[in-house]
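Hi there,

Here is the structure I promised to pass on. Have a look at it first, and then read my notes below.

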Amino acid sequence: CFILNNLGLRLGSIGLDCFAFLFLPVARGSVLLRLINIPFEQAIRYHVWLGHLTMLLFTLHGLLYVISWTIEGNLLKNTLMWVDLGVGHFPGVITLAIGLLMWMTSLPPVRKKKFELFFYTHQLYIIFVVFLALHVGHFIFGVSAGGIFLFILDRFLRICQSRKTVDIISIKCLPCGTVELMLSKPANLQYNALSFIFLQVRELSWLQWHPFSVSSSPLDGKYHLSVLIKVIGEWTKNLRGNILNSSGANLHLRPQTKITASVEGPYGHEFPYHLMYENLILVAGGIGISPFLAILSDILHRTREGKPCLPRNILIVWAVKRSNELSLFSTNDMELICPFFSDKLNLEIHIFVTRESQPSLEEGQVHEATNFSLPVSSNCSMSVLVGTGNNIWSGLYIISSTLGFVILLFLLDIFYINPYDISSWSYKGLLLVICMLASVFIFGGVVVGLWHFWERRNVAREAFKDDRIMVEKMQHNEIVAHMDSCQQKLTSSINTYYGSRPDFKDIFGDISEKWGCVDVGVIVCGPPSLQTSVAKEIRSQNIKRQRHHPIFHFNSHSFDV
């Protein structure tokens with residue numbers, strides 16, 4: 001029993017050390033992640049790995065104590081024990097039970113098939129943290145308090161940002177079932193072509209937030225950004241159903257369609273790394289073409305305006321299941337963005353339609369997207385609390401919250417704990433959690449309020465706000481009207497293959513002979529199998545490369561929540 005108790009104690013201590021880092025990767029707008037240049041979509045995998053390891057250690061920790069107490073014959077007594085001085089067992093039992101529930105529902109088979117179950121059970125993390133503090137007390141809980149405090153800072157800022165509703169300037173329903181939303185944003189909200197946002201539609205759910213890659217370049221317009229949403233789940237299906245009323249094969253607009261949207265973000269890489277390479281290969285699967293449309297638009301705008309832009313040779317490899325998905329390219333009019341771009345940019349596009357052996361009879365016919373605009377209110381664009389990258393306000397927010405936390409602990413110790421001789425470990429642990437929350441809500445909240453006031457004054461300075469929204473709406477409609485000519489001009493650079501998948505050995509081998517000894521940036525956005533295939537081929541090409549062959553640099557732009 002002595003050995004089991006000591007081994008259980010050590011495993012619990014190691015688990016608490018892992019838990020200290022568990023919340024850092026999921027702080028989406030964390031200054032720490034920005035400093036080490038790890039975007040949220042890549043940091044999330046560390047949260048998954050740490051979560052598995054932490055719960056494994058906590059489970060073994062609890063199991064060893066249960067075995068020891070069973071041998072001693074006082075299992076029930078020790079399980080329900082909750083002492084003032086020392087570790088309380090009963091809060092630990094509740095913590096472990098909640099942790100196991102979150103762990104089981106986060107496993108890939110459950111998460112992919114029952115995402116809502118995973119999402120809602122993961123909100124129990126609040127109860128988990130509170131009962132962990134009650135279990136170990138203030139002193140031991142301090143080991144993991146730093147990471148939790150940084151997460152609270154980020155979470156409060158995201159709550160403040162997401163309270164604001166955002167205007168949807170226009171909606172376009174493509175023939176393949178994908179929906180394009182154009183969202184209003186202030187001019188000083190910064191993002192790049194590799195950014196993504198979290199979108200909430202309150203008519204569907206007040207709790208669910210879904211990530212979508214931005215499909216527009218920041219140079220497309222100062223006051224909007226766009227996202228492409230493919231119908232692949234219940235939430236996206238309900239979103240499309242809320243926009244359109246399907247009746248057989250015909251789609252009819254619902255009168256007075258109402259969509260109340262809120263946005264968190266944008267998030268992603270601080271630096272647009274697609275501009276680092278003179279030679280680019282963009283590999284996409286299905287809706288994974290969305291960020292590459294933004295990249296292509298960004299490069300074309302920079303080429304036209306003479307801004308710094310390295311890419312000169314671009315190869316796009318896109319695999320789709322059905323030919324109706326090709327309409328996604330209609331959202332990007334290259335000739336309108338940069339006239340005669342083919343004189344300045346070597347662009348080649350290979351499209352693989354995997355589940356059709358030959359072009360359909362409708363090939364060449366124009367399938368028009370369903371477009372309509374929604375009424376725009378006077379001041380409903382995204383909040384800049386996360387997206388500006390304003391280090392001054394972010395720094396003030398962190399410093400004020402941290403100082404507030406220290407001040408509250410000092411006041412609590414002077415005026416409450418010492419005078420009233422508070423000695424309970426569990427109670428002190430609970431007070432520590434309350435101080436963390438109060439410092440962010442009170443001291444950090446003051447800075448956030450001033451930040452929001454500063455944002456509103458900047459927005460108020462923007463002249464002719466209503467006029468520029470209407471101008472952008474007209475520009476959007478012009479793009480739609482210009483779709484036919486766009487498709488004709490792209491025909492020469494697009495090669496479409498039916499009934500086959502991309503042979504990356506041939507593709508990269510051909511590029512090796514054609515481009516010579518250069519650095520080639522390869523960005524992949526698609527399912528894990530596609531990323532694995534590309535990564536293996538790149539590794540193979542780099543290992544056996546000749547002196548006159550290029551060096552391929554692999555980058556992934558996909559993440560799985």
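**What I found**

Start with Val520, which stands opposite Phe552 in β16. Before going on, a word on where this comes from: the model is predicted, so local features need pLDDT of at least 70 and side-chain atom pairs count only at pLDDT 80 or more, while totals for chains, interfaces and linings use all residues. Residues are numbered from 1 along each chain as its sequence is written, and side-chain values use heavy atoms, with hydrogens and water left out.

Back to that strand pair: β15 (residues 519–525) runs parallel to β16, with six bridges between them. (Strands are DSSP runs of E, at least two residues; helices are runs of H or I, at least four; both are numbered from the N terminus. Two strands pair if DSSP finds at least two bridges between them.)

Both strands belong to an open, parallel sheet of six, ordered β14-β12-β11-β10-β15-β16. β14 (494–498) and β16 (551–556) have a single partner strand each, so one side of each has no neighbour in the sheet. From one strand to the next, the twist averages 15 degrees. Helix α17 (residues 528–543) packs on this sheet and touches β10 (279–285), β15 and β16; contact means heavy atoms within 4.5 Å. The direction of α17 makes about 160 degrees with that of β16. (Angles run from 0 to 180 degrees between N-to-C directions, and axes are lines fitted to C-alpha atoms, for helices over the stretch in contact.)

There's another open sheet too, this time antiparallel, with four strands in the order β1-β9-β4-β5. Its edge strands, β1 (165–166) and β5 (210–213), each pair on one side only. β1 is joined to β9 (residues 261–267) by two bridges, and Val166 has Ala261 as its bridge partner in β9.

Now the inside. Which residues touch the most other members of the largest nonpolar core? They are Phe19, Phe141, Leu181, Leu183, Leu199 and Met436, out of 78 residues in that core. Helix α8 (residues 125–162) gives the largest share, 15 residues. A second, separate core has 35 residues, including Ile295, Val320, Leu328 and Phe329. (A nonpolar core is a set of buried Ala, Val, Leu, Ile, Met, Phe, Trp, Tyr and Cys residues joined through side-chain atoms within 4.5 Å; buried means under 20% relative accessible area, with a 1.4 Å probe and protein chains only.)

Cheers!

Notes. Buried means under 20% relative accessible area, exposed over 50%, partly exposed in between (1.4 Å probe, protein chains only).
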